[in-house]
Amino acid sequence: MSEHAHLGDGELVRRVLDGEVEAYRVLMERYRPEFARYAASLCGDGDTAADAMQDAFIRAYDALAQCRHPSRFKGWFFRILTNQCHNHRNRKRAHVPLDAIEAAADDRTDGRTRRSELREAIDAALEELTPEQREAFVLKHVEGRSYAEMAELLGTGEDALKMRVYRARDALKELLEAYV
Amino acid sequence: MSGDANGWSPELQRYLDGEPAEGLDARARAEADRFRETVARYVASVETPGAELDEAVMAAVRARVAPAGPPFRRRLLALLSTPVRPALAAAMIAVLVVGVGTALALRLGLGDADRTSKIAPLELTIPVEFQLDLPDAGTVSLAGSFNNWDADATPLARQPGTGRWVATLRLAPGWHEYLFVVDGIHWIPDPTTSTRIVSGQGDTSSAIYVGPP
């Protein structure tokens, strides 16, 4: 464990800005595991999520001096990561057209194939949501966060987030009818 | 009832939020539970980036000089080796001249106190205009290193009667990377400049240099 692991985000940011580059590793070890599943669900696959996270951490490092409230690094980084995930997902979508729902519903053989099909079907269904609905749904159902936590991360009111989650669920209910 | 043709009933939405299942019949609850299980199976199948990512990022950041500013000499060399259109070159020289002049004026005004102080330096910013000719676009915004790549932070305004989108920003001296975001989803480099920066992941951004480092 790093000698800096006990330090708060604000202190770590200040140390990085003072030239202590290794302090950045602690921030990364803190938030890579916390947001990895969010990134993977938002991007649709682990490889794209890895690219998005790597890009986000490097961009956050480059822009660290612009983080006005170092103690709120988490929320600041979360926005950068979310933008990178949408960016990478859009690029991927531009190159790989997905019609996974129909393909996945066709042929089910064993459990493994079915798991993979389910994943493709949900990825494709998530694709149908707006970016805001996708963020909210993933935070609620994949991350299991409360609306209060989501409001803090996204900087949006709880009622608005509930509405996004409700609409996302309604859309997914229809899109995933074959699986539910 | 478990819901209607348009989605889940309000009671089921609350149940899916984790509230008690009061008033829900067994069939409706079972349907909501199946939905939750389906999502849980999906969550279990998602592969997530692991610790190897940390090493890749640390290698990249160690190669940088400091987070406060880009390695100026390296970027200047990159710029000098990049073909630049005459119009862009003229614009950059103009920005440089304005920037140097402003910086000199500010420095002269600061006197000796500034040389010994460790208080945050005076924030010098220079207006820079960004333009994109794209008549078919519904919205255009600017995402870059100056706004943490937030696609919503800096919308461009459409000039009435034209297909030109314009925004003027006050930017700090130094290098800035940016992309235009068209209709909220298409991230494109600036077609009026060939100055590009390619990240380690192969992503290309436009780049502009403003004033002195």
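**Notebook: strands, chain contact and salt bridges**

B:Ala167 is buried, its relative accessible area being 8%. I note at the outset that I am working on a predicted model, and that I looked up this residue before turning to the wider picture.

**Entry 1, around B:Ala167.** I placed B:Ala167 in strand 7 of chain B, which covers residues 164-171. Which residues does B:Ala167 touch, once residues up to four places away in sequence are not counted? I found B:Val128, B:Glu129, B:Phe130, B:Pro155 and B:Leu156. I also looked up B:Ser141, which lies 26 residues away along the chain, and the C-alpha atoms of B:Ala167 and B:Ser141 are separated by 8.6 Å.

**Entry 2, strand 11 of chain B.** I then went to strand 11, residues 204-210 of chain B, and found it mostly covered, with six of its seven residues buried. Strand 8 (residues 174-182) of chain B runs antiparallel to strand 11 and is joined to it by five bridges; within this pairing I looked up B:Gly174, whose bridge partner in strand 11 is B:Val210. Strand 10 (residues 196-198) of chain B is likewise antiparallel to strand 11, with three bridges joining them, and here B:Val198 has B:Thr204 as its bridge partner.

How many residues does each chain bring to the contact? I read 51 residues from chain B and 56 residues from chain A. Between them the two chains bury about 5100 Å², of which 56% is on carbon and sulfur atoms. I also looked up the polar side of this contact, where the count is 18 residue pairs in polar contact, both residues being at pLDDT 80 or more. On the side of chain B that touches chain A, the elements giving two or more residues are strand 2 (7-8), helix 1 (10-16), helix 2 (26-45), helix 3 (52-62) and strand 8. The residues on this side of chain B divide into 24 nonpolar, 13 polar and 14 charged. Six salt bridges are counted between chain B and chain A, and I looked up one that pairs A:Arg32 with B:Asp54, where the closest N and O atoms are 2.8 Å apart.

Over all chains the count comes to 19 salt bridges, and I followed several of them to their residues.

In chain A, the side chains of A:Glu34 and A:Lys74 meet in a salt bridge at 2.9 Å, N to O. This pair links distant parts of the chain, with A:Glu34 in helix 2 (residues 23-43) and A:Lys74 in helix 4 (residues 73-95), 40 residues apart. I count A:Glu34 as partly exposed because its relative accessibility is 25%, and A:Lys74 as partly exposed at 27%.

Also in chain A, A:Arg25 and A:Glu22 form a salt bridge at 3.7 Å, N to O. Is A:Arg25 buried or exposed? A:Arg25 has a relative accessibility of 16% and therefore counts as buried, whereas A:Glu22 is partly exposed, with a relative accessible area of 36%.

B:Arg36 is partly exposed, with a relative accessible area of 28%, and B:Asp33 counts as partly exposed at 25% relative accessibility. Last, I noted a network in chain A, where salt bridges that share partners join A:Glu11, A:Arg14, A:Arg15 and A:Glu20.

Terms used: Residues are numbered from 1 along each chain as its sequence is written. Chains are lettered from A and ligands numbered from 1 in the order in which they are written. This is a predicted model: local features need pLDDT of at least 70, side-chain atom pairs count only at pLDDT 80 or more; totals for chains, interfaces and linings use all residues. Side-chain values use heavy atoms; hydrogens and water are left out. Buried means under 20% relative accessible area, exposed over 50%, partly exposed in between (1.4 Å probe, protein chains only). Helices (H or I, at least four residues) and strands (E, at least two) are DSSP runs, numbered from the N terminus. Two strands pair if DSSP finds at least two bridges between them. Contact means heavy atoms within 4.5 Å. Buried area is the accessible area (1.4 Å probe) that two parts lose on being put together, summed over both. A salt bridge is a side-chain nitrogen of Lys or Arg within 4 Å of a carboxyl oxygen of Asp or Glu. A polar contact is a pair of N or O atoms within 3.5 Å; within protein, one must be able to donate a hydrogen and the other to accept it, and residues adjacent in sequence count only if both atoms are side-chain atoms. Ala, Val, Leu, Ile, Met, Phe, Trp, Tyr, Cys and Pro count as nonpolar, Asp, Glu, Lys and Arg as charged, and the others, Gly among them, as polar.
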